[in-house]
Amino acid sequence: MSCQHTVDVGAYLFGSLDLKERSAFERHLSGCAACQAEMLRLAPLPGLLGRLSLEDVENLDEIPSCPPEPHRQRRVLIACAAVLVLLALAGGLFFLRPAPSSPAPTWAATDSGTGVDGEVSMVSKSWGTEMWFKLGDVKPGARCKVIVFDRQGQREIGGWWGSDHGPDERIPGSTSFRIDQIDRLEVSDESGLLVTLRP
Ligand SMILES: [Zn+2]
C-alpha cells in the first residue's frame, strides 16, 4: 500500500498547503487508504510537540524568487524534514523518559505439594522486567523453566536453568512484560509445576 501523495501529509498537517492544494489533497485523502494511514501516523505530532519549525516552513511561501513547482516541492521536503525532526524528538523523549521508579518487589512462596520454596526479586527495565530467582529444595539434576503469565493471559518463557545450584545462588530471568502486567510466574521442571510466585 503506497501512494505518491503520502509526502503531502506532512505539509498538510503543518498547514503549509495553500487553499487549492489543501482542498485537492482533502479530496484525494477521502479515497486513499495509504494517505489516511500516514495521516493517522503523523497526526498526533504537531499537537503533541508544538509548532517547532512550522514558522520556517510557512515563511518559505514568501521567498519571491522560487518558481512555483520546485518551490512547492521544497516546501514539502522541509515539511517532511520537520516531521522527521519531530519523530526524532518524540523518540528521544521516549527513551529519555525515566523508568518508573517503583521499588523492586519480591514475591515468595512455598508450594505445599512439592515443598519447593521460591523467591523472585524483580527490577523494572525499559525493555520489560529483570528477574532474579532463588529456589530451595529442588531435586538435583532437573531442568527448570519459568513461565511468565501477564494479566491478559499471554505467556512468555522467562528462563531455563539446571537445578544444580547452591541454595543462595541467584538465577537470572527476563520478560518483556512490565512488573505491573505480570499476573504470576510458574516455575516447573520435567515432572511439572514446582511453585507459583504471585504479587
Ligand atoms: Zn494517497
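**View A. The S2–S3 hairpin.** In this predicted model, S2 and S3 make a hairpin, with 2 residues sitting between them. The two strands, S2 at residues 117–125 and S3 at residues 128–136, pair up in the antiparallel sense, and 9 bridges hold the pairing. To get your bearings, look for Ser-121, which has Trp-132 of S3 opposite.

**View B. The S1–S2 hairpin.** S2 also takes part in a hairpin with S1, this one with 6 residues between the strands. In the turn you'll find Gly-115, whose phi is positive at about 75°. S1 and S2 run antiparallel and are joined by 5 bridges.

View C. Zoom out a bit and 4 strands line up as S1-S2-S3-S6 in an open sheet with antiparallel pairing. S1 (106–110) and S6 (171–175) each have a single partner strand, so one side of each of these edge strands goes without a neighbour in the sheet. From one strand to the next, the twist averages 25°.

**View D. The sheet in the context of the chain.** The protein chain has 6 helices and 8 strands, and, reading from the N terminus, the order is α-α-α-α-α-α-β-β-β-β-β-β-β-β. Of its 199 residues, 22% count as buried. As for contacts between residues at least 6 apart in sequence, 59% join residues at least 24 apart.

Key:
Residues are numbered from 1 along each chain as its sequence is written. This is a predicted model: local features need pLDDT of at least 70, side-chain atom pairs count only at pLDDT 80 or more; totals for chains, interfaces and linings use all residues. Two strands pair if DSSP finds at least two bridges between them. Axes are lines fitted to C-alpha atoms, for helices over the stretch in contact, and angles run from 0 to 180 degrees between N-to-C directions. A residue is buried if 20 or more other C-beta atoms lie within 10 Å of its own, exposed if 12 or fewer, and partly exposed in between; C-beta atoms are placed from the backbone. Two residues are in contact if their C-beta atoms, placed from the backbone, lie within 7 Å.
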